[in-house]
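Okay, let me get the next one up on the screen.

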Amino acid sequence: MNRFGRITHTAPIVHLIALIVLAALLMAGLAGTEFALSRYLANAIGQLAAFAVLAISLDLIWGYLGILSLGHGLFFALGGYLMAMYLLKHSFEITGTVPDFLQFMGWKEFPFYWDGFEFFPYALAAAVVITTLISGLFGYVSFRSRVGGVYFAIITQALVYVAMLLMFRNDTGFGGNNGMTGFTVLFGWPMGTSGMITALAVASLLVLAGVLAGCNWLVRSRFGALMLATRDDETRLRTMGYETLRLKLIVWCLSALIAMLAGMLYVPQVGIINPRVLSPELSLEIAVWVAIGGRGHLVGAVIGALLVNAVKFWLSFAAPEIWPFILSGLIVLVVLVFPNGLMDLAKFKLVRPMGAKRLAADMGEARP
Amino acid sequence: MSLTALLVDGLTVRFGSFRALDDLSLAIDYGEVRAIIGPNGAGKTTLLDVISGITRPKQGRVLFDGAIDLTGLSEAAIARAGLRRKFQKPSVFEGLSVRQHIAIGADVGFRARLDAPALEDRIGEVLETVGLVDQSHRLAGELSHGQKQWLEIGMVLASDPKVLMLDEPVAGLTDEETERTAALVRALKRPDRAIVVVEHDMDFVERIADRVTVLHEGRTLFEGSMAHVRADAAVVEVYLGR
């Protein structure tokens, strides 16, 4: 029981965090031995962890605050692009290789706004500031005008689409339609080695564990209770003296920052970023991961992201053409049968007997 | 005699060509339980919407405590000034427990300001008042209709409001629940608190109200005791004598 007296079942999330940390430690410990994972598998685990972080960012705002964003790919891409800028500038400093897109444009040097990106703390700070500014401005304007529900979702979708069109332009100095690739050095170490792949995967797992723990703390705090209250009846909470605009803005920006972090983890592992990350389909898919896993449950978001992407990784070899059908089928299944995603399945077994008992008790109470 | 808690002054609210409130003026004093009655569309809920900041009036103002004009303030600022309202449709947070509701009502702010023991005391006191002590750990979504009504009253009561507005507190309640609610409302009466009740149930109104304001087409038709209301020919005409 926490301070609010709500009985909290912390076990599943604590187990999940412990499991993730254990997996990270195992991967780090076994690196270089004969038991080490293959490069492909280690890389896949790292990418999945980044996607899980992305799913948590959406679950925070959608599951706990009731605000559906269909444009979270924007913040993911922001982190990804700024990380790529660091990687290219840093690689150029060490190896002297001029990135493809600069050669393609016939430019002799980096545009002025690339200054300082060879320095990682600067790139990280830029990512945090730009993400906060964009999400803050967009959130403030939307929430102040009390735009919500499907209208907000549609606007976010439009926003990510506009960003995609912008990034497809070749003259912006961000790689244009080919994007950015050819990262060779990270923090002074050569990329693409087994050690680097393992290190990135371990880092992603640890960030995932940290984000999970942080979000779990947040949603169980008084602030988290206010988030749920905003989700359930915002007018009711406002007429109790709470400025829900501020609350929504804080969570929205936090969610955007977590998505940004996921993008920063993702890009060095996949080795490329291009405007297709900003396509509305990816942003929609994030919502699907969360819906399938069970929105309003951090564990559900992680499981949803892992499950859907694991199937996708596998199918992209086995039968890429049927993937859209599988995805659509899953959505239909979730909407029609499991509105709370896989969490409904869990309830089926574990909570049902309790629920049935409670129902009987209610009926007993109702009888005079 | 007593100080005016709310002074409604020349309030006009229009929805398209429909005048929900039409140059309405009335005064509600501290220490009284005021019932506002009237047929559907008379403007009762609209009046509460304006007072709580949800609807902006076209003309007029609402003075709280004789000094604060509420018509320009946000809902949250109005609530923090000491005016709380229970909505017509029971509005509770389905995903939160009964205790969490009272905690949110008792202590405004993103972080708790009351220390833990003080908050515990307050929660216990309020749950006792609204009779939900046994339900304190249940989720609001699992409560019965009547319990939700009381939970919402408890949640607005927890802040110790100076003006308490109740929009149809006994709608959909059984006779026994209505009886308990009437006793509760009478118990909440205090010299430094004004209670405004919008209600259709005339027997309930008779039991709780010190004075009754009858609204009709956005204007005050009559004001006085329930006995006088029942005797007034105009009121009987538009409302009671259907």
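So, B:L7 sits across from B:L63, which belongs to strand 4 of chain B. Keep in mind that this is a predicted model. The two strands meeting there are strand 1, residues 4-15, and strand 4, residues 59-64, of chain B, and they pair antiparallel over five bridges.

Zoom out a bit, and what order do the strands of the open sheet in chain B come in? It goes 2-1-4-5, four strands, with antiparallel pairing. Strand 2 (18-29) and strand 5 (68-69) of chain B are the edge strands; each has a single partner strand, so one side of each has no neighbour in the sheet.

Now over to chain A. A:Q47 is in helix 2 of chain A, residues 39-62. Is A:Q47 buried or partly exposed? It's partly exposed, because A:Q47 has 19 other C-beta atoms within 10 Å, and buried would take 20 or more. Leaving out residues up to four places away in sequence, A:Q47 touches A:Y266, A:Q269 and A:V270. Take A:V270: it's 223 residues from A:Q47 along the chain, and their C-alpha atoms are 7.4 Å apart.

Last stop, where the chains meet. Chain A puts 23 residues into the contact and chain B puts in 28. On the chain A side, the elements giving two or more residues are helix 8 (222-232) and helix 9 (234-238). Helix 8 of chain A has the largest share of that side, with seven residues. By class, the chain A side comes out as eleven nonpolar, eight charged and four polar residues.

Technical notes:
Residues are numbered from 1 along each chain as its sequence is written. Chains are lettered from A and ligands numbered from 1 in the order in which they are written. This is a predicted model: local features need pLDDT of at least 70, side-chain atom pairs count only at pLDDT 80 or more; totals for chains, interfaces and linings use all residues. Two strands pair if DSSP finds at least two bridges between them. A residue is buried if 20 or more other C-beta atoms lie within 10 Å of its own, exposed if 12 or fewer, and partly exposed in between; C-beta atoms are placed from the backbone. Two residues are in contact if their C-beta atoms, placed from the backbone, lie within 7 Å. Ala, Val, Leu, Ile, Met, Phe, Trp, Tyr, Cys and Pro count as nonpolar, Asp, Glu, Lys and Arg as charged, and the others, Gly among them, as polar.
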